[in-house]
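Welcome, and please take a moment to look over the molecule below. A short tour of some of its contacts follows.

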Amino acid sequence: MSHTTGTKTPVTLLGLGAMGTALARAWLAAGHPLTVWNRTPSRAAALTAAGARASDSAATAVAANTLTVVCLLDDDSVEETLNGTDLTGKDLVNLTTGTPAQARARAAWARERGARYLDGGIMAVPPMIGVPDAGGHILLSGSRELFDQHRQTLAVPAAATFVGEDAGFAALYDVALLSAMYGMFAGAAHAFALLRGEDIDPTKFAPLLADWLAAMAPAVHQTADQLRSGDYSKDVVSTLAMQVAGTPTFLTTAEEQGVSPELLTPYFALMRRRLAEGSGEEDLTGVIDLLAR
């Protein structure tokens, strides 16, 4: 592993799971002095061999540097790890997955202890960390001053994006993006299930599926524009009424193929509810209002 020279911000990292280790390696490769701590000390061995300094306690690790990044299992782990640690004058960046409410509570907790706070959501898997063109992102919210001061350091593992001074926004963005991902995976699972009993090579179908999903993805911009304007009939290509009329074909095909429709029926039910309200000429955007009630 190569190291650069010069003045790089020292970083303390608490937590050396798969993601924490990937973060550590990225900062080491970029030449940042790195202090690490993990509940199981042996997890630090490879990193200390690469130039990191291991601490025997979280409190000692936090004391070593101004900037501390936390990447632990959950919010309870953060509480347990930092309980009794002096955070006065520290910059705390919490990359532990949690809810928006937990992030806001943790931000208040950090401020009470004299620290600046950023909460973060990592939109990447460990192999994407430290790889500039891999497409990973770290979403951050909370102290704008902290973000501006440490922007370059925080962007070493993946592109760092500030999403607001409300500390809960990064967690909210994180879950919203992952929810969309799981919805896409659900649709893909149903698509592959339809083909499962046929003499169709799934590897030949996959490129068509990937291209189709990529072609449909820009529709989110129209949805966002309709939500902002409140006009759900703006620039509609396929009306809600037309799409509801087509749903029986999907359900009948699933039945013919011996595939459960359980991944489709909840969304179709929402479409029918929205249509029942007399909004047949609008887009699918109105379904969002049903969910948000």
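Is T68 buried or exposed? T68 is buried, with a relative accessible area of 1%, where buried means under 20%, exposed over 50% and partly exposed in between, using a 1.4 Å probe and protein chains only. T68 lies in strand β4 (residues 67-70). Helices (H or I, at least four residues) and strands (E, at least two) are DSSP runs, numbered from the N terminus. Setting aside neighbours within four places in sequence, T68 is in contact with T12, L14, V62, D91, L92 and V93, contact being heavy atoms within 4.5 Å.

Before going on, a word on the model: it is predicted, so local features need pLDDT of at least 70 and side-chain atom pairs count only at pLDDT 80 or more, while totals for chains, interfaces and linings use all residues. Residues are numbered from 1 along each chain as its sequence is written, and side-chain values use heavy atoms, with hydrogens and water left out.

Next, a pair of helices. The axes of helix α10 (residues 240-256) and helix α11 (residues 265-276) come within 10 Å and cross at roughly 145°; axes are lines fitted to C-alpha atoms, for helices over the stretch in contact, with angles from 0 to 180 degrees between N-to-C directions. On the α10 side, the contact is made by L240, A241, Q243, V244, T247, F250 and L251, and on the α11 side by T265, F268, M271, R272, R274 and L275.

Now for the rings. The structure holds four aromatic pairs. Rings of Phe, Tyr and Trp (its six-membered ring) pair if their centres lie within 6.5 Å; planes under 30 degrees apart count as stacked, over 60 as edge-to-face and the rest as tilted.

F192 belongs to helix α7 (residues 169-195) and F205 to helix α8 (residues 202-216), so their pair ties together parts that are 13 residues apart in sequence. F192 is partly exposed at 30% relative accessible area, and F205 is partly exposed at 22%. The other listed pair links F250 in helix α10 with F268 in helix α11, 18 residues apart. Here F250 is partly exposed, at 49%, whereas F268 is buried, at 8%.
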